[in-house]
Structures are given as structure tokens and as C-alpha cells.
Amino acid sequence: MTYQPPSPDAAAPPPGCPAHQGAVPLYGEGFQSDPARLYRELRRVHGPVAPILLDGGIPAWFVLGYREVHQVAGDSQLFARDSRRWHAWDRIPPDWPLMPYVGYQPSVMFAEGPEHRRRAGAISDALAAVDQFELRQICERVADSLIDSFAGRGEADLMADFAFRMPLLVVAELFGLPDSEIPPLVRDIADSLDESEGAIEAHQRVAARMGRLVQDKRVHPGPDVPSRLLGHAAGLAEEEIVIDLLVVMAAAQQPTANWIGNTLRLMLTDDRFAVTLAGGRRSVGQALNEVLWEDTPTQNFIGRWATRDTQLGGKRIRTGDLLVLGLAAANNDPQVRPDSYAGSEGNQAHMSFSHGEHSCPYPAPEIAEVIAKAAVEILLDRLPDVLLAVEARELVWRPSVWMRGLAALPVGFTPAYVPPSGG
């Protein structure tokens, strides 16, 4: 990620910031062990908007009320996306852990106004041209191939062996990547998103590959997303397409992978869905929707920056303040859902894909759902007696403030015979 200095009109940092005295760190073991408990406590003490500290003691506002998240996400003029508006840049070191999320890049993620509408509109059009029946066929083929790789063992880690790989393999086909280049790309994408040593180098390799792909598609266009972006009436430059393809690929990977993993965990640990496998009382679609309410993959989103002084949830927000959208907390706001998931079946008014101009662009959520639903349905169909290999309480969540997903999902099942390829 490339850091760019703040714009000349970025506001000065607020002196003293008394509103953040006693702010709660949104990181560390206390958060990771039980984020839902922390959300409840923040709501009890502070209401729908709470003062928090990010890594290194950097102050921000955590928006956890459903109505307040809806307001912030829906008002892109008052709560803007360009991170150069932040007044705290003089306190942020170049190696700050959250720099990949806030370091400005000239991508659709940080664009505003007409420029954002131009870029997001082109992406939406390119994705809308994906045939849903063809997409399902791609998903079935990819899922079967992944399951074939471990079906004969009688055991697997459904995160590493299946959920993490499925979305990338599907998106790679939608991008028109040659089969030979998909395995190294999958490895580099996984490494670039893991925030570990080598992540920057992996990201650079992915960016270089996207650059070559766009150049190839300009010469040899096909029925794929990059070719549609190159031919779009918005007149996107190649460098714009490259960086926006990276955004689409990253956005498709972790959220969809964790949606698959969290849904499989629910269906393997909740008796309501165990009955489904035998009696059909609850469907995969119901499980997918419940996960978006209860264990949404994108827990929190950083962020929005206030363009002027304002009030939100009873708190005074200053120009240049950073706001973190608490999507999971909003989904569980008792003002909206007093009985937890009860009564929410079939309700898709969750904030899991955010809201407003900078929400996940149509039809990306629908494409993610096709991928996730196909993955879960085919796995349960191919391995009907699959069971957790550990106690449910032993499953470990990844230590992330931003994403909700399992570190591993070990299972066992009756080994299945897999014919040799082409046999």
C-alpha cells in the first residue's frame, strides 16, 4: 500500500481531545476473545457512538448503533472516504499496522463524488454482465475440484483446503486468467492479505500480474471483467483498472471465504441445521443469512472522515475525525433486533455489505452469495457425514478486529473414492 501525505485542506488535530479520555482499545486479547461482549459494554456505557483507541493509541469514533451506521454510510458528503482528510497523519508512522486500510490510494475505495460514481459504475456494469448460470457452473466445477483434492483422505481443514481457496479460484476465472497462473496468484493473494512477513512483496507481485493481465486483455479481449472495464464508456485508464481489479479481488476473497467458513461452522455445530441435513427443515440459504446477522465476515470497516464539525449519537464529531463503522455491532443493535436472530429469518436489512454510495457495489453481494451457497451445498452433498474433528468450543477465531473468521475448521468424514483426473 502506498502512503500519500494529507491534502492541504486536512483539518488540524483537536487539542487535548477530552472526549477520548477513558476510550476503549479496539485491539488486543480482550477484544479478540469476545468482541460481542465488548460491543454490548460500549453500547451500555457510551450509547451508539463510542470513543475508542486504535493500534498505538490513535483515537477514533466507533459507530455501533444501527441507525448511526446507516446515517454515516449513507451521507458521503458529511462522512467522506478520502483518508487524506484525517487530522492525525502527523502521529501515524509509515509502518502503522492499519496503514493498508487507511493509506490513501487512487482506487475506487477512496474516490469520492463523480469520480467514485464513474469508477464504481464501471465495476458494477462489468460484474452485472457475469451470467449467473455460468457463474454457478464455474462454482460447481471449482468446488468439486477442491473437494476431490481431499475427499480421499477422510479429513480436512475446511478453511485452508476449501473456503480460503474457493473465492479466488472463481474470481480468477471471471478475470480470464490462464489456468497456469492461478495457483501462484492464489498463494500471493493469501500472503498479501495475511499481514505477515512478505505481505508487501506478495501484494506487489499481484499488482504486477494484474498489470500484465490488463495489457493482455487490451490486445486480446474476452468475455471477462478486465475486458469489460477496458471497453467501458467511462474511459478508464489502465492504471485505474489495475488498482480497481486489486480492490475487487481482495474484497471478494476474505469476506466470501469467511462467509463460507462461518456458515459451515454454524451448520456443523447448530442442531437446527444438523436436522436440515436429514429432514430439510432449514436450508443453506437460511444459514448464510443468519451468519450475516450473527457472525458477519466484515465485522468493522475503517473508515469515514468527517468533513465538518457535527453531532452523531450524542457525541461531538470534529472535522477530520476518523469514524469506524461497527457493522457487526449494528447488526446486533437491540434497538433494531431485541430478540437476537429471532424474527430476522429472511430479513436482509443487515449492514454486512455496508450501505450507501460506498457499500459493496451491485451485484457483488449477489455474486458472493452464489459462490458461498454453491460451496456449502456442494461440500455437504459430496461429504454428507462430515463432522467436526474437535469440540466446537475448541475452534479458534482469527485475531482480527476487522474480519470474523476461523483460523481452522478441522473435520472428518468417510473417505470418498475420487477417480483419477480424466478417468
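Predicted model: local features only at pLDDT ≥ 70, side-chain atom pairs only at ≥ 80, totals over all residues.
Which residues do ring pairs link into a cluster? Select Trp86, Trp89, Trp96 and Trp305: ring pairs join these four residues into a cluster.

**Confidence**

Colour the chain by pLDDT. The protein has an average pLDDT of 86, and 87% of the residues score at least 70. Next, select residues 1–16, where pLDDT stays under 50; the model has 28 contacts beyond four places in sequence for this segment. Then move to residues 276–281, where pLDDT likewise stays under 50. For residues 276–281 the model has 7 contacts beyond four places in sequence.

**Aromatic pairs**

The count of aromatic pairs in the model comes to 8. Select Tyr101 and Trp402, one of these pairs. Their ring centres are 5.7 Å apart and their planes stand at 40°, so the pair is tilted. Tyr101 belongs to helix 4 (residues 99–102), while Trp402 lies in the loop between strand 10 (387–388) and strand 11 (410–412); the pair therefore ties together parts that are 301 residues apart in sequence. With the surface displayed, compare the two residues: Tyr101 counts as partly exposed at 26% relative accessibility, whereas Trp402 is buried, its relative accessible area being 6%.

Proceed to Phe150 and Phe162. Here the ring centres lie 6.4 Å apart and the planes meet at 85°, so this pair is edge-to-face. Phe150 is in helix 6 (residues 132–151) and Phe162 in helix 7 (residues 159–163), 12 residues apart. Phe150 counts as buried because its relative accessibility is 1%; Phe162 counts as buried at 0%.

**Arginines over rings**

Select Arg84 together with Tyr104. Arg84 lies over the face of Tyr104, at 3.7 Å from the ring centre. A further arrangement of this kind involves Arg404 and Trp397: Arg404 lies over the face of Trp397, at 3.6 Å from the ring centre.

**A threonine in helix 12**

For the last stop, display helix 12 (residues 238–269) and select Thr256 within that helix. Is Thr256 buried or exposed? Thr256 has a relative accessibility of 4% and therefore counts as buried. Show its surroundings next: apart from neighbours within four places in sequence, Thr256 is in contact with Pro167, Ala368 and Ile371.

Definitions and conventions: Residues numbered from 1 in each chain as written. Heavy atoms only, no water. Helix = DSSP H or I, 4+ residues; strand = E, 2+ residues; numbered from the N terminus. Buried < 20%, exposed > 50% of the residue type's maximum accessible area, 1.4 Å probe, protein only. Contact = heavy atoms within 4.5 Å. pLDDT = per-residue confidence, 0-100. Phe/Tyr/Trp six-rings, centres within 6.5 Å; stacked < 30°, edge-to-face > 60°. Lys NZ or Arg CZ within 6 Å of the ring centre and 35° of its normal.
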